[in-house]
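Trainee: I have a structure open and would like to go through it slowly with you. Could you start with whatever I need to know before we look at pairs of strands?

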Amino acid sequence: MEKIGVLIVSYGAREVAIVDVLSTSPNYKVDLYIVDKQRNPFNVEKATKHVVIPDLNIESICRFARANKPKIDFAIVGPEKPIIEGVRDLVEARTGIPVICPKKEYAIEGSKVQQRLLFQEIVPEANPRFQIFNPKDYRSTQEAKEAVYKWLDDLQNQAVVKPDKPTAGKGVGVWGDHFTTREQLFEHFMSNFQYGTVIIEEKIDGEESSFMGFCDGKTLAPLPDTRDHKRAFNDDRGPNTGGMGSYKDTRDYLPFMTAADRDNELAVAQKIFKEWTSKMPDPSAVRGVPLYLAFMHTHDGPKILENNSRPGDPEIINILPILKEDFVDTCYKMLEGKLGRVEVAPSATVLTYKVPASYGGYAEVFPAKVKKAEIDMPVDLSEALALTRNYGDRIRVYPGSMELRDGKIYALKSRVVGVLGVGENIEEARQISIRGINAIKGGALWNRGDVASTETIQKSVKHMEQLRHKA
């Protein structure tokens, strides 16, 4: 068995899933050199060498790569921050280690404006209407306000406000969720506008799917569609979060979609990929997952909500454990420009996240449900891990925002731990996931209870039927 070394830049459960499939490679003995945001218990156990870089600073990542260069064959980066900041450019230039993620110039996740302009050029039919507001174009706040209100007239107030850069101001705001008056919308707009360009898009009615594809620069290999539950609470209520869980069906598309919906998605993604890369001096600059597209399926075909330049968290977790090919071989094909079709087992998967009391405003909305005495207690994963005796590889427990301290693990502030269930249908996968989630004790953790439930899925199916009838 060939021995190789892989550098992983990690943030949470998404990268733990990557570590899992690499460490269980059937064809290679993989030594893992892991740069982590914290002492993730799974990564600490699996790593040949583990280092904590809390801010995932690319200079520090590069120093770790250089120090271990002779033993590292390639690197994989999951989190968006180092990708946007150019970690691939830096590591490849200084160490020669090939990195699987897009280069800085093509990490279009870093600019909402860049995304919209690119899609407008290539697939205008899939682009929601939008308008860009640059502070340099306005002499006063009043002038900007008048321009915003004029655009809201065109949109009939159904608007989404986004800062150009992901970390600016209050972030994304949606009419009906974050504001219900123009005054509230403009206040949200100004919280972002003071830092730079803001884009206001039309709010789209539909059902959302996540599209991802592995890429070697020449080929975009589509992966099955997944659905991410972004809302904090059951029945899609509460604020948007990083994602409370996600599911994949036994087919390449989701229950509320048709085969034609999937074909339309693929046509849009492949057209973007073909025309975008045709202008690149070196198309391998987008290897990895350059297109993680959030599609909204509407009465008028698919619309692109946004694009990310990385694997989805949690969506990639639904796919990695059921890849038919050794993931190491897939990585080498991406690096060598030999990527073909990526085969995925026809299984359904459901991922549910357990999160801390502060996440999604849970403690404020449901204070009586929070066991305050448990908040600072260690988290016990042992019962969940023991379920492998019942389910084998059909259950995976992936620590995310967790830290190992003095032999115990503690919850941090984001999505703490994900449990993936694999089944012959969505409901079977969901039941396995929920059983694992319920077996996790301590930390005053909670989870959304209806991720991939029959009722939730049927609601999406009925909504799409209404939209198609409208068309």
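Mentor: Two strands count as paired if DSSP finds at least two bridges between them. Please also keep in mind that this is a predicted model.

Trainee: What is the order of the strands in the open sheet?

Mentor: The open sheet has five strands in the order 3-2-1-4-5, and the pairing is parallel. Strand 3 and strand 5, the latter at 99–100, are the edge strands, and each has a single partner, so one side of each has no neighbour in the sheet. Helix 1, residues 13–23, packs on this sheet and touches strand 1, strand 2 and strand 4, with its direction at about 175° to that of strand 1.

Trainee: Which strands does helix 3 lie across?

Mentor: Helix 3 lies across strand 1, strand 2 and strand 3, and it runs at about 145° to strand 2. In helix 3, which spans residues 58–67, the residues Ile58, Ile61, Cys62, Phe64 and Ala65 are buried. They are on the same side of helix 3, because they cover an arc of only 160° around the axis.

Trainee: What do those buried residues pack against, and what is on the face turned away?

Mentor: The buried residues of helix 3 pack against strand 1, strand 2, strand 3, helix 4 and helix 5. The face turned away from the buried side carries Arg63 and Ala67, which are exposed.

Trainee: Let me pick a single residue, valine 9. Why does valine 9 count as buried?

Mentor: Valine 9 counts as buried because its relative accessibility is 1%, and the cut-off for buried is under 20%. Valine 9 is found in strand 1, residues 2–10. If we leave aside neighbours within four places in sequence, the residues in contact with valine 9 include Val35, Leu56, Ile61, Ile76 and Pro82.

Trainee: How far apart are valine 9 and proline 82?

Mentor: Along the chain valine 9 and proline 82 are 73 residues apart, while their C-alpha atoms are separated by 8.6 Å.

Trainee: Changing topic, how many residues of strand 7 are buried?

Mentor: In strand 7, residues 159–163, five of its five residues are buried. Both faces are covered, with Ala159, Val161 and Pro163 on one side and Val160 and Lys162 on the other.

Trainee: Which strands does strand 7 pair with?

Mentor: Strand 7 runs antiparallel to strand 9, residues 198–202, and five bridges join them, with alanine 159 opposite glutamate 202. Strand 7 also pairs with strand 8, residues 173–174, in the antiparallel sense over two bridges, and there valine 161 stands opposite glycine 173.

Trainee: Now helix 6 and helix 9, how do they cross?

Mentor: The axes of helix 6, residues 112–122, and helix 9, residues 259–277, come within 10 Å and cross at roughly 100°. The two helices are therefore roughly perpendicular to each other. Helix 6 contributes Leu118, Phe119 and Ile122 to the contact, and helix 9 contributes Lys271, Ile272, Glu275 and Trp276. By type, the residues of this contact are five nonpolar, no polar and two charged.

Trainee: What else covers the buried residues of helix 6?

Mentor: Besides helix 9, the cover includes strand 6, strand 7, strand 9, strand 16 and strand 17. The buried residues of helix 6 include Lys112, Gln115 and Arg116 as well as Leu118 and Phe119.

Trainee: Last one, how many residues lie between strand 13 and strand 14 in their hairpin?

Mentor: Three residues lie between strand 13 and strand 14, and aspartate 235 in the turn has a positive phi of about 65°. The two strands pair in the antiparallel sense over two bridges, and arginine 231 has asparagine 240 of strand 14 as its bridge partner.

Notes
Residues are numbered from 1 along each chain as its sequence is written. This is a predicted model: local features need pLDDT of at least 70, side-chain atom pairs count only at pLDDT 80 or more; totals for chains, interfaces and linings use all residues. Side-chain values use heavy atoms; hydrogens and water are left out. Buried means under 20% relative accessible area, exposed over 50%, partly exposed in between (1.4 Å probe, protein chains only). Helices (H or I, at least four residues) and strands (E, at least two) are DSSP runs, numbered from the N terminus. Contact means heavy atoms within 4.5 Å. Axes are lines fitted to C-alpha atoms, for helices over the stretch in contact, and angles run from 0 to 180 degrees between N-to-C directions. Angles under 35 degrees count as roughly parallel, over 145 as roughly antiparallel, 65 to 115 as roughly perpendicular and the rest as oblique. Ala, Val, Leu, Ile, Met, Phe, Trp, Tyr, Cys and Pro count as nonpolar, Asp, Glu, Lys and Arg as charged, and the others, Gly among them, as polar. The arc is that of the directions from the helix axis to the C-beta atoms.
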